[in-house]
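Work through the exercises below with the model open. Try each task before reading its solution.

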Amino acid sequence: MKLNRRSFIKSAAVSSAVATAGSIFPGISFADWKRVKGAYGITWKKAPCRFCGTGCGVLVGVTNNRAVAVKGDPNCSVNKGLCCVKGYHSVQALYGRDRLKKAQIRKNGKMVEVPIAEALDVIAAKLKETVKKHGKDSVAMYGSGQWTIPDGYVASKLFKGCLGTNNVEANARLCMASAVTGFMTSFGIDEPMGCYEDIEHADVFITWGNNMAEMHPVLFSRMLASRKRKKDVTIIDLATRTTRTSQAADRSILFKPNTDLAVANAICYEIIRNGWMDKDFVKKHTTFHKGKTNIGYGTEDHFKFKDKPENMSFAEYKNFLEDYTPEKAERISGVSARDIKYMASLYGDPTKKVTSFWCMGMNQHVRGTWINNLVYNIHLLTGKISTPGNSPFSLTGQPSACGTVREVGTLTHKLPYGVVMKEKARKKAEKIWDLPAGSIDPKPTYHTVEMFRALDRGDIRFMWIQVTNPMITMPNLNRYRNGALKDDRFIVVSDVYPTPTTDVADVILPASMWIEQEGMYGNSERRTQHFDEIVPGPGDTMSDTWQIIEVARRLGFKKQFPWSQKNYIGKIWEEYRRFHDNPKHNMAPYEVLKARSGVQWPFVNGKETRWRFNSKYDPACKKGSDFDFYGKKDGKAWIWARPYEPAAESPDQEYNFWLNTGRVIEHWHSGSMTRRIPILHNAVPESYVELNPEDAANLGVVNGELVKIISRRGSITMKASINGRGVPPKGMVFVPFFDEDYKINEVTLDAFCPISKQPDYKKCAVRLEKA
Amino acid sequence: MPILSFLALPQDGGMEQLCNDLSAMEYCEIIPAENQEVIVLVTDTPDVEAEKNLQKSLKNLPSLQSLSMTFGHNAEQ
Amino acid sequence: MKKAENTRGLVHGLAAICLVGLMALPVMAAPGIPQGFDANGEKIFKRYDKTPLAATTGTDGKRNLNSYYELRQYPGSPPMIPHDVDPSFSSKGLKCLSCHEKGGYDSSKNAYAPVTPHPENELCFQCHVPKHAKKLFRENNWLSIAPPKLGISELAGSPPPIPHSLQLREDCIACHTGPAAVAEIRVEHASRGNCRQCHVPFISTAPAKEFKRKN
């Protein structure tokens, strides 16, 4: 008490002195941060946030060529002026003291700083040499959804067009591939039909394995605000673990890992049984299909899978659902039949508008494509789709997963328009890229996991990695790191900070970060967002786009890369736009992008399209139709019969726990940026393992004690978190993956969805030891 | 055993020196202003002897131009 | 200032701040007073009695511009949370808002809770995070600009303009009045509700614009 009193008096002493100082020296301040010398006044410039796929608009405050503050952009309809803690402090990520400012080359085993031109020479020479020695498919480009649209576009042009190899992949394979194949199989065209405005229209939200409160907080607060305003809004959190989202939801429903497949089918069963199906809609706008079953998990090298869709009748579909009565589904999923019926009644209630949200829970799933299909089924059966508030909504995790990877098509099978397998698409690309016919290889090569396996095997000898950190994020990491470190593998890494990936590099290129270059991102709701070069980059940093252009020119492709450094982004955009020259995908012109805080495509006749496939809003729909799912030839969306199948590796006697991995609100992706932002690092300085309190008690660990997590692939020892911000159910542990000091992916399994080839980071078997 | 707070002004250009000097002294806590040559000094001594010694050494500090008290409290209990 | 300790994973029954007084006191008449007689009135006295004298007059001396900016990275950034919080941060129960919506005295902190100017945003942890580490992961060369100056009235004694953006800070009363207000920016005429009658926005951190006639 005495001590408290004393410290109280002391702080009164301080404030009295400070107040006195204030009266003598008006404006005197004792703030914590250092000042830009001689700075007066801030100018504000718009940009999309650097981090997640929400695509918040930020205003960056600039003084004397330094970014010094951030505000939410009130003109951006995504966030309407409110950011999250990452966004507000995003600009601090530009100024970490260990920013990469010079190029480095490995000489006699040591990294040595060199002029960037020399590094670019070495890259071009090595590329040429490797192609000559090992063939064109021995070189690869690995980027990410953090690439700007021009970054991905020139990468595709150089590798797919000029070099003729389809070895272009991106981190988005680990993050969005199941969403893409979900859209393609159900609708024949990628990306959500709805938009964020659905949030204000919807009466019911169901989040499928999606901790939105932490991962998409800005959209989640829009949901909360809508609930507060409208009162009768219901939020259901359907998940495998209790999180902040569960706490904010009106109902938290837990299911056993991978059994969301059974739950979704059971909801469909109930909808049909109760006559809640929109018969007209289903008859006019859908067809029924089934595909192969028992489709495997891709854990072995050279795994191949091709689905074989077959038509089926509604009666056959109904018959298929007999295996998923709520009672049967309860036995599989652990979700009570009552809860299943409750959710079905929400989806089925004709007076309620329902929006489903999901992200990694459904995408990082060994049956990711299937579960995407099944949630679309629910919305199609009830006709709750493509109208305001009725929206199956697949969220993205990276700022330009949609813009760059999905729209530009930086995946092995894709082109900016169409797929490499289609002659029409190849011809279009060859024409726009001014290449001789036949330049583009019609055969897709490696998807991401197989690409790193090929690197390990030696089928790939040269890999250029830009804006991503696979040496944290690849599942079964030990194998792929050892592969990258093998002799005669040449790894180029373009990044902004040293990471475990630059640790395996032979050449490091210092990259411009975010607003140190001009570029565009594309967010989850088909919104393209332009940003100017707002501050200069340090040292020799160069945009990823320009790095590729420099190397392309050294390889002799001057004709394909003719632009000047002054206006190359605008020129590239206008060239890229030619690929999407149709009302289903039209992009806004450069000048429009520059002027606005994001523009949604299809951009037709000067207007953005809010809801696709609905003729009221979407000019690409057939005249006179109400709905037109024009991605499919007959304009009908596909309802799929997809069964429940278990995870690749489930807990057994020996490895008796599920391991689930993910993120926290403070850190983004592998943490290389957010950990350099003081306030974010201070909030969550290191990773941890969440345990169920009962499991912790059985194991004899208390909060903060060390636990060893062991799988068949690797092990890791970290601090236990019990009743922390998330609580896994009994038999599951959860680990955030951002921390390079605790590489949880050394423990995870590289099993993937056979259709999308996206790995499942949420399910593998581990055992625990008190360390 | 008093708790006192002062505004300390350094000799011209001696802000850093004064910060160093004051923070090196026992029973002293400082908060330097960022945009003015002023330091908030809080002293918290355990007994009369220490208080006397501290006042003496403060008076003899060459980097200090002036010291003005803004708050005083004598906590006897 | 005492910094928050590392408490990740610990259970704090209630959020660390807990209002004493109105909520916590039992509705029981004191001996000798008839049951049912102005039971609420008693609370007023008890609450008054529990509140330290220093805190009922002026500010409680806990918050000044220095401690205010210590929690921020630049003028206008969301402040971090300087006290322990339940790691689960339940946003449905609005635990943060139970103290920070209306303010009030918190005996465990011996201080008044500052009032948020934007209580309509319920997802507090979206922008506000606690501090659990003492050491940075990597050093940062962050610089920002000086906070707005105080007392920038155009004329001696004229009302000073509003030196900051109003975005998320539209509620003047929340920060500029009450016992938790930062000492230097507390106004003594809080009874005048129409703040912008006299105070107009002049964002001192933005470049000054001069009026020029367009012919």
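Arg222(A) is buried, because its relative accessible area is 9%, and buried means under 20%, exposed over 50%, partly exposed in between (1.4 Å probe, protein chains only). This is a predicted model, in which local features need pLDDT of at least 70, side-chain atom pairs count only at pLDDT 80 or more, and totals for chains, interfaces and linings use all residues. Residues are numbered from 1 along each chain as its sequence is written, chains are lettered from A and ligands numbered from 1 in the order in which they are written, and side-chain values use heavy atoms, with hydrogens and water left out.

**Exercise 1. A pair within chain A**

Task: find what Glu200(A) forms with Arg222(A), and state which elements hold the two residues.

Solution. 
- Step 1. Recall the general idea: side chains of opposite charge can pair when their charged atoms come close.
- Step 2. Apply the rule: a salt bridge is a side-chain nitrogen of Lys or Arg within 4 Å of a carboxyl oxygen of Asp or Glu.
- Step 3. Glu200(A) and Arg222(A) form a salt bridge, with the closest N and O atoms 2.8 Å apart.
- Step 4. Locate both ends. Glu200(A) sits in helix H6 (residues 198–201) of chain A and Arg222(A) in helix H8 (residues 217–230), 22 residues apart. Helices (H or I, at least four residues) and strands (E, at least two) are DSSP runs, numbered from the N terminus.
- Step 5. Glu200(A) is partly exposed because its relative accessible area is 23%.

**Exercise 2. Two further bridges**

Task: which parts of the chain are linked by Asp456(A) and Lys486(A), and which by Glu608(A) and Arg527(A)?

Solution. 
- Step 1. Asp456(A) and Lys486(A) meet in a salt bridge at 2.7 Å, N to O.
- Step 2. Asp456(A) belongs to helix H19 (residues 448–457) of chain A, while Lys486(A) is in the loop between helix H21 (477–485) and strand S17 (490–495), 30 residues apart.
- Step 3. Asp456(A) counts as buried because its relative accessibility is 11%. Lys486(A), at 37%, counts as partly exposed.
- Step 4. Turn to Glu608(A) and Arg527(A). Their salt bridge has its closest N and O atoms 4.0 Å apart.
- Step 5. Glu608(A) lies in strand S23 (residues 607–608) of chain A and Arg527(A) in strand S20 (residues 527–531), 81 residues apart.
- Step 6. Glu608(A) is partly exposed at 21% relative accessibility; Arg527(A) is buried at 4%.
- Step 7. Widen the view. Asp456(A) and Lys486(A) belong to a network of salt bridges whose members include Asp301(A), Glu450(A) and Asp750(A). Over all chains the rule counts 56 salt bridges.

**Exercise 3. Two domains of chain A**

Task: describe the interface of domain 1 and domain 2 of chain A.

Solution. 
- Step 1. Among the domains of chain A are domain 1 (2–95) and domain 2 (103–175 + 399–562).
- Step 2. Their C-alpha centres lie 36 Å apart. Contact (heavy atoms within 4.5 Å) takes 26 residues from domain 1 of chain A and 19 from domain 2 of chain A.
- Step 3. The two domains bury about 1,800 Å² between them, 59% of it on carbon and sulfur atoms. Buried area is the accessible area (1.4 Å probe) that two parts lose on being put together, summed over both.
- Step 4. On the domain 1 side, Pro48(A), Arg50(A) and Leu94(A) lose the most area to domain 2 of chain A, together 39% of what that side buries.

**Exercise 4. Chain C against chain A**

Task: how many residues does each chain give to the contact of chain C and chain A, and how many salt bridges cross the interface?

Solution. 
- Step 1. Chain C gives 62 residues and chain A gives 78.
- Step 2. Together they bury about 6,400 Å², 57% of it on carbon and sulfur atoms.
- Step 3. Two salt bridges cross between chain C and chain A. One of the salt bridges joins Lys228(A) to Glu122(C), with the closest N and O atoms 3.3 Å apart.

Definitions and conventions. Domains from an automatic or database assignment.
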